[in-house]
Amino acid sequence: MSETASKIQSGSVCRVSYETAGFGGKLMSDLARGAGDAGRLFPKRNWREVVAEIETRKYPRAELSQTIVSSLRALGAPDEAMLNATLLGSEKTYAIVTGQQAGFLGGPLYALYKALTAIKLAQQYNAEAAGAAKFVPVFWVAGDDHDLHEIDHAYFLKADGSLDRLNAEYTRDNEGRAASDVWLAKDDEALQRQSAALTPYLTQKDIEYFSAIYFKHSLERAFASVLLHWLGKAGLVVVCSCDLRQFGGELLARNLDDYERVGALIDAAGEEMARSGYEPGFEKSMRKGPHFFMEGPDCARMRIEPIEKAGARIFRRDGKGGDEFTREELLAQDMQKFSAAAALRPILQNLIFPCVATVLGPGEISYWAQLREVHAHYGAVWPLIVPRATLTLIDSRGEKAVRKLGLENEPEAIFGGIDVLRARAIVPSISAEANAKKDAALEKVDELLKDLQQSAAGVEPMLAKVRAKIAYQLERVIARTAALKDLRNGALAARAAYLHALVHPKGAPQERV
């Protein structure tokens, strides 16, 4: 985002700084501005330089394309997505990759912004290449994630500015499973509860669409289907992590031997970040072990822990009395049982995709900053790092609140927090000042009535009535004006509360909630 701001009006786009919008931290801001040490962590290159490096590597283009095409066909992807998936099997075709966890009902807004950023970037590079190369936007659904509490709900903004949380219903035996292995409850009562919960926010057609999607697919494939429904016609290729596990065998074999080296590289990069004043994405105390998960009982994803036994290194699933394997026994397992953890997922991505650029959010940028040497260690091409778009959407009701609060020319103020907005909503009471002026006016009336009384006998009753009427009308006008101001203050306070909830639901940027 730029530092400039313009007037907020219907259909307009205003820009504020990352700091104002609460988007990311110091590394994100420095990267966007080309300031600080961000350029050293993410050296700038153009796509042609990355393409030249990609051309020195080999990729499983044909197998990858066939796998993705088969998956997209099963999801009923539109022709535009199918065509781009087919193109991935061809030379001179390159990927713009982004991704996100399989959020319920499409996940938070920033997942959509990632996809849109990748699409726009692919369009830009295609125009610049003028046919000499082709660029395909790819969205990697991180269906191997097994922290279901992060993805099993969606928030809706209610009319009073409060949030309504809708939880996905699945049985408790799904805890610990990856999103690719979790299905929502399909009984009639669960479907009725979900439909009733969505009724205040979605049309019946949309409710039926989501119900059908989640009835047919796991959380991972349902999310992929939703993205294809929204953006498949724009050429977005959506891939599911469960379909890509088959390509991770060689990386798993190497990581079983060198995970300590990889951990040291990550730690060293984190120390370098800290010296530059940036917060590392991975903790120094990150557990030392292979950077893969393995399927355990009931499809739960468990870590692989190295142990020494009888003078030899073996690997135990989860380190809690789980099954033990030699290196060879692990590698003999079905690759569908394994999934890359956060440190190796980007490496796997860039080993199997001819990836020229990757679109990231601020959290991802902080841990990718620790992975450049890991890429070099495994021979993966370091792509262009592109921050995703960040937007805050103002609906018609929010726009009206902006106007009523007088914030049309102050886009920064809408991010100022509830106290700032409330201060703009409260007009000071007029009662004290008005009553003082009323008393002063009545003193003048009393002087006039006294003069009239002296000039004409017997008018005292009439003058007393006049004085009473004047006093009554003044008090009535003051009371009514004060009541109207109180009413206006209440309405403005409600608008301020709604605008704050729209921009900062749960105190976080809109796109995250």
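Strand E11 (residues 355–360) and strand E12 pair in the parallel sense over four bridges. Leu-360 stands opposite Pro-387 in E12. The model described here is a predicted one.

**The open sheet**

E11 and E12 belong to an open sheet of five strands, ordered E5-E2-E1-E11-E12, with parallel pairing. The edges are taken by strand E5 (237–240) and strand E12 (384–387). Each of these has a single partner strand, so one side of each is left without a neighbour in the sheet. On average, neighbouring strands of the sheet are turned by 30° against each other, direction ignored.

Strand E1 pairs with strand E2 in the parallel sense, over nine bridges. Gln-100 has Val-141 in E2 as its bridge partner. How much of E1 is covered? E1 is mostly covered, with nine of its nine residues buried.

**Helices on the sheet**

Helix H7 lies across strand E1 (93–101), strand E2 (134–142), E11 and E12. H7 runs at about 165° to E2. Helix H10 also packs on the sheet, where it touches E1, E2 and E5. The direction of H10 makes about 180° with that of E5.

The two helices meet as well. H7 (residues 109–129) and H10 (residues 219–231) pack at an angle of about 50°. Their axes are 12 Å apart. How are H7 and H10 oriented to each other? The angle is about 50°, and the two helices are therefore oblique to each other. Their crossing is right-handed.

From H7, the contact takes in Ala-111, Leu-112, Ala-115, Leu-116 and Ile-119. From H10, Phe-223, Trp-230 and Leu-231 meet them. By class, the residues of this contact divide into eight nonpolar, no polar and no charged.

Elsewhere, pairing is in the antiparallel sense. Strand E6 (residues 292–295) pairs this way with strand E7 (residues 301–309). E7 pairs in the antiparallel sense with strand E8 (residues 312–317) too.

| Strands | Bridges | Residues between strands | Residue with positive phi |
|---|---|---|---|
| E6 and E7 | three bridges | five residues | Asp-298, near 60° |
| E7 and E8 | six bridges | two residues | Ala-310, about 55° |

Which residue in E7 is the bridge partner of Phe-293? The partner is Arg-303. On the E8 side, Ile-304 has Arg-317 as its bridge partner.

**Arg-57, a loop residue**

Arg-57 is found in the loop between helix H4 (47–54) and helix H5 (61–74). Is Arg-57 buried, partly exposed or exposed? Its relative accessibility is 31%, so Arg-57 counts as partly exposed.

Which residues does Arg-57 contact, leaving aside its neighbours within four places in sequence? Arg-57 is in contact with Gly-379 and Val-381. Leu-351 is 294 residues away from Arg-57 in sequence. In space, the C-alpha atoms of Arg-57 and Leu-351 are 8.9 Å apart.

Note on methods: Residues are numbered from 1 along each chain as its sequence is written. This is a predicted model: local features need pLDDT of at least 70, side-chain atom pairs count only at pLDDT 80 or more; totals for chains, interfaces and linings use all residues. Side-chain values use heavy atoms; hydrogens and water are left out. Two strands pair if DSSP finds at least two bridges between them. Axes are lines fitted to C-alpha atoms, for helices over the stretch in contact, and angles run from 0 to 180 degrees between N-to-C directions. Angles under 35 degrees count as roughly parallel, over 145 as roughly antiparallel, 65 to 115 as roughly perpendicular and the rest as oblique. A crossing is left-handed if the near helix is turned anticlockwise from the far one by less than a right angle, and right-handed if clockwise. Contact means heavy atoms within 4.5 Å. Ala, Val, Leu, Ile, Met, Phe, Trp, Tyr, Cys and Pro count as nonpolar, Asp, Glu, Lys and Arg as charged, and the others, Gly among them, as polar. Buried means under 20% relative accessible area, exposed over 50%, partly exposed in between (1.4 Å probe, protein chains only).
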